[in-house]
Amino acid sequence: MKIATLRQGNSYYKLIDKRGTTASLNVMVGAIYDLVTNSIRINAVNDQTFSVTLKHGTGWKVTTTKPYSPIIDQVYLMRSSEASKYYVLQIDTAKGDVKGSTTIELKDETGNIALISITVG
């Protein structure tokens, strides 16, 4: 099976074979950004998953309080691997027709601040 995406973001399909058996198929088209300074601006769409690799600092924590914004569904902060010094912030935008902007702030263990500004529109 080959699926070509028509747009940025996630797509959902229901497959039905000739016997009538059904299967759900979720196609996620993710975007990856690198944060090399202290801020980045990202334009996104509804129902999209993207990640930001924090290319400097260590011991990052999200300092923005929950709930982040109606345009944000989930935020995950993780290390990219045990061997790597980089942290990755994964953001899932809201599935509904919610538009707007928000900024997520992070702080590392030495006090450096990173700002991830997101616009869904």
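Two strands pair if DSSP finds at least two bridges between them. Strands (E, at least two residues) are DSSP runs, numbered from the N terminus. This is a predicted model, where local features need pLDDT of at least 70, side-chain atom pairs count only at pLDDT 80 or more, and totals for chains, interfaces and linings use all residues. Residues are numbered from 1 along each chain as its sequence is written, and side-chain values use heavy atoms, with hydrogens and water left out.

**Exercise 1.** Work out which strands stand at the edges of the open four-stranded sheet.

*Solution.* Start with the order: E4-E10-E9-E6, with mixed pairing. E4 (39–44) and E6 (61–62) each have a single partner strand, so one side of each lacks a neighbour in the sheet. Now look at E6: two bridges tie it to E9 (100–107), and the two run antiparallel. Here Lys61 sits opposite Lys107 of E9.

**Exercise 2.** Find out whether Gln48 is buried or exposed, and what its side chain reaches.

*Solution.* Next, its side chain reaches the backbone nitrogen of Val45 at 3.0 Å. Finally, leaving out residues up to four places away in sequence, the contacts of Gln48 (heavy atoms within 4.5 Å) include Asn10, Ala31 and Ile91.

Conventions
Polar contact = N/O pair within 3.5 Å; in protein donor to acceptor, adjacent residues only side chain to side chain.
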